[in-house]
Amino acid sequence: MARISLKKSQAIAESIVAIEPRFSEVVAKFGPCPIGLVPSRVSNFAALVESILGQQLSIKAADTIISRVRNLAGGKLDPKTIAKLSSKTLRSAGCSTHKTRAVRELAIAVNAGDLKLRSLGKKSETEILDLLLPMHGIGTWTVEMFLIFQLGRIDIWPVGDLGVRRGWEKVHRLKGEIDTSELMKAGEKFRPYRSHLAWYCWRAHSLY
């Protein structure tokens with residue numbers, strides 16, 4: 001997939017503010033969004049494993065477990081090595097039973113050639129969802145994070161993400177929680193740059 005330029009990212013930020021001026025403070029503080037700017041340094045497999053292991057954990061806790069698993073795998077999240085790790089070994093690193101099964105089944109599927117990850121960057125969002133969602137432990141949120149941070153897709157709107165919802169609520173000074181269907185509708189006017197909108201919502205969540 002073609003990457004965007006810094007100039008393009010700046011233009012996207014300006015368009016978001018033009019559509020919704022309430023984002024001006026967040027954009028001014030954090031600058032251009034990095035999504036889509038720099039190619040990922042890890043493989044698609046490693047990115048999915050990290051996403052699975054990080055589900056419903058704080059960043060610090062997720063980083064600790066990911067680091068432990070990487071060390072057990074010899075320093076690299078590789079499908080051949082991960083597939084050889086026993087469930088007991090993965091659980092010793094802090095992986096839950098659910099995540100252990102998900103990581104091992106992903107590694108085995110990739111190893112066997114049943115799941116081809118290298119070509120995902122050439123597929124559409126719908127094709128990627130159809131390919132990955134049947135895998136144990138991979139839900140919509142995991143695929144959305146993969147699309148945004150691994151493949152650099154700039155029009156993903158992860159309304160199921162708590163940080164996105166809280167950030168939106170803080171920017172708009174909402175007194176109550178916004179419904180996901182309402183947020184999905186509210187994001188329509190920001191197409192085709194909703195991944196960048198999500199990033200500014202995450203920043204707003206940490207700012208306010």
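**Close-up views of a predicted model**

View 1. K123 is partly exposed, because its relative accessible area is 28%, which falls between the limits of 20% for buried and 50% for exposed. Keep in mind, here and in every view below, that this is a predicted model. K123 sits in the loop between helix α7 and helix α8, the latter covering residues 125–132. Setting aside residues up to four places away in sequence, you can find K123 touching I128, L131 and R153. What about N71? K123 and N71 are 52 residues apart in sequence, and their C-alpha atoms are 32 Å apart in space.

**View 2. S195, a buried serine in helix α12.** Helix α12 runs over residues 194–207, and S195 is part of it. Is S195 buried or exposed? Its relative accessibility is 0%, so S195 counts as buried.

**View 3. Helices α10 and α12 crossing.** Two packed helices can be described by the angle between their axes and the distance between those axes. Here, the axes of α10 (residues 162–171) and α12 come within 7 Å and cross at roughly 75°. An angle from 65 to 115 degrees counts as roughly perpendicular, and α10 and α12 are therefore roughly perpendicular to each other. Which residues of the two helices meet? From α10 come G163, V164, R166, G167, W168, K170 and V171, while α12 brings L197, A198, C201, W202, A204 and H205. Sorted by class, this contact of α10 with α12 holds 8 nonpolar, 3 polar and 2 charged residues.

**View 4. L106 in the largest nonpolar core.** In soluble globular proteins, nonpolar side chains tend to be buried together. The largest nonpolar core of this model has 64 residues, and L106 and L132 are the members that touch the most others in it. Let us zoom in on L106. Residues up to four places away in sequence are not counted here, and L106 touches F45, L48, V49, I52, L115, M135 and I138.

**View 5. T100, a buried threonine in helix α7.** T100 is found in α7, the helix of residues 97–111. With a relative accessibility of 1%, T100 counts as buried, because the limit for that word is under 20%. Which residues does T100 contact, once its neighbours within four places in sequence are left aside? They are S87, L90, R91 and C95.

View 6. Most residues other than glycine have a negative phi, and most peptide bonds are trans. Begin with Q56, which is not a glycine but has a positive phi of about 60°. Q56 lies in the loop between α3 (44–53) and α4 (59–72), and its relative accessible area of 83% means that Q56 is exposed. R173 also has a positive phi, near 55°, and is a residue other than glycine. Look for R173 in the loop between α10 and α11; at 56% relative accessible area, R173 is exposed. Finish at P192, in the loop between α11 (180–187) and α12. What kind of peptide bond joins R191 and P192? The bond is cis, with omega about 0°.

Conventions
Residues numbered from 1 in each chain as written. Predicted model: local features only at pLDDT ≥ 70, side-chain atom pairs only at ≥ 80, totals over all residues. Heavy atoms only, no water. Helix = DSSP H or I, 4+ residues; strand = E, 2+ residues; numbered from the N terminus. Buried < 20%, exposed > 50% of the residue type's maximum accessible area, 1.4 Å probe, protein only. Axes fitted to C-alpha atoms, helices over the stretch in contact; angles between N-to-C directions. Parallel < 35°, antiparallel > 145°, perpendicular 65-115°, else oblique. Contact = heavy atoms within 4.5 Å. Nonpolar A, V, L, I, M, F, W, Y, C, P; charged D, E, K, R; others polar. Core = buried A, V, L, I, M, F, W, Y, C linked by side-chain atoms within 4.5 Å.
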